[in-house]
Amino acid sequence: MAQPLDADRLAEHLQRAGQRLAPLYTISGDEPLLVIEAADALRAAARQSGYTDRTSMIMDARSDWSAVFAATQSVSLFGDKRILEIKLPTGKPGKTGADTLTKLATQATAQPDPDTLIVVSLPRLDKATRDAKWVQALAQSGMMIDIASIERGRLPAWIGARLARQNQRADAATLQWMADKVEGNLLAAHQEIQKLGLLYPEGQLAAQDVERAVLNVARYDVFGLRDAMLAGDAPRTIRMLEGLRAEGEALPLVLWAVGDEIRLLARVAEARATGQDAGALMRRLRIFGAHEKLALQALGRIPAKAWPAAVQHAHEVDRLIKGLTVSGRLADPWEEMTRLALRVAAAGSRAR
């Protein structure tokens, strides 16, 4: 079995692969920004290789896995090659799902140049899951992409490397200051780095310019929205969403703040319901401090069985943002985004 690829080695692999991608890729990781970037790079390479259609399915142990296998067998009317994305937020497919993934892996081995490119997305896997037969089958039949978290001590260097991509530099003290301000959140760091690229020219950045830019945050920020939602403050959640919309905030970023939180809490809720160590899981997911207190409030208000539907709702909002029609959902993605956030926030409002 080949060694898993990290994000940097994935870029090298895709460049070398050209028009000959592997038939199956598995992405595993808990850093949303890095996982999104890896998936985007893979999709871009697939499009260049002729995979013009894309189907995305969110699955868990209770899903109809026959639909996944059927999706690999159906033939496009126009002969288009396609990407089939199988997202498994819980990392637990159940017996039927495990059997299906194993069959897909076997199929990928038998068809090295198929019309359907399979991409399986998983959270970071613990040792027991990594040793499961279905994970081993995926690893042996395709490419494993293991997205490691950026440890707190490495964050200043990571920020410096990202600045270098846009031909900017900052001294060590400034990089450390930025790392402290984003509190280990890579997406927040990514936003600030992009902001610096827009505000200042290439070259050395002055410390005072960096501080001025980073501290000039919007009144209605996505992390404040997340906190209001978790606290069960429905009126404030609505006000913040209206403010973000009025200020022209990018809706995919808003969905990330809300949808990723729902995905993480769905995992914690399942762990609690099945008698696992939810506290240890929250630490692995880097939910701590004030964030942990708010997360526990939401988990206390909302039953475990309600979270999978919220995860599916987030997926449907993503489709609306991409301009697709979703049956039973409002046409305006901002309105449906509000409904999604209120699935969590309004539960607290009813409780009070």
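Q: Is Ile 147 buried or exposed?
A: Ile 147 counts as buried, because its relative accessible area is 1% and the cut-off for buried is under 20%. Keep in mind that this is a predicted model.

Q: Which strand is Ile 147 in?
A: Ile 147 belongs to strand E5, which covers residues 143–147.

Q: And what does Ile 147 touch, leaving out residues up to four places away in sequence?
A: Ile 147 contacts Ala 7, Ile 27, Ser 28, Gly 29, Asp 30, Leu 34, Val 35, Ala 38 and Arg 124. As for Pro 32, it is 115 residues from Ile 147 along the chain, and their C-alpha atoms are 9.6 Å apart.

Q: OK, Glu 31 next. Where is Glu 31 found?
A: Glu 31 is in the loop that runs between strand E1 (24–29) and helix H2 (32–48).

Q: Buried or exposed, that Glu 31?
A: Glu 31 is buried, with a relative accessible area of 6%. Not counting residues up to four places away in sequence, Glu 31 touches Ala 148, Ser 149, Ile 150, Leu 186 and Arg 286.

Q: Let's switch to strands. How many residues of strand E3 are buried?
A: In strand E3 (residues 81–87), 5 of the 7 residues are buried, so the strand is mostly covered.

Q: Which strands are joined to E3 by bridges?
A: Strand E2 (residues 51–58) is joined to E3 by 7 bridges, and the two run parallel. Strand E4 (residues 116–122) also runs parallel to E3, with 6 bridges between them.

Q: What lies over the face of Tyr 51?
A: That's Lys 81, at 4.4 Å from the ring centre of Tyr 51.

Q: How many aromatic pairs does the structure hold?
A: The count of aromatic pairs is 0.

Q: Fine, the nonpolar core then. How many residues does the largest one have?
A: The largest nonpolar core has 88 residues. Those with the most contacts inside it are Tyr 25, Trp 158, Ile 159, Val 254, Trp 307 and Met 337.

Q: Which helix gives the largest share of this core?
A: Helix H13 (residues 251–273) does, with 14 residues. There is also another core lying apart from the largest one, with 22 residues, including Leu 24, Leu 84, Leu 122 and Val 135.

Q: Going back to Ile 159, what does it touch?
A: Leu 175, Met 178, Ala 179, Ala 189 and Ile 193, again not counting residues up to four places away in sequence.

Q: Last one: where is Ala 231 found?
A: Ala 231 is in the loop between helix H11 (222–230) and helix H12 (234–246). Ala 231 is partly exposed, with a relative accessible area of 26%. Its C-alpha is 6.7 Å from that of Ala 298, 67 residues apart along the chain.

Terms used:
Residues are numbered from 1 along each chain as its sequence is written. This is a predicted model: local features need pLDDT of at least 70, side-chain atom pairs count only at pLDDT 80 or more; totals for chains, interfaces and linings use all residues. Side-chain values use heavy atoms; hydrogens and water are left out. Rings of Phe, Tyr and Trp (its six-membered ring) pair if their centres lie within 6.5 Å; planes under 30 degrees apart count as stacked, over 60 as edge-to-face and the rest as tilted. A charge sits over a ring if NZ of Lys or CZ of Arg is within 6 Å of the ring centre and within 35 degrees of the ring normal. A nonpolar core is a set of buried Ala, Val, Leu, Ile, Met, Phe, Trp, Tyr and Cys residues joined through side-chain atoms within 4.5 Å. Buried means under 20% relative accessible area, exposed over 50%, partly exposed in between (1.4 Å probe, protein chains only). Helices (H or I, at least four residues) and strands (E, at least two) are DSSP runs, numbered from the N terminus. Contact means heavy atoms within 4.5 Å. Two strands pair if DSSP finds at least two bridges between them.
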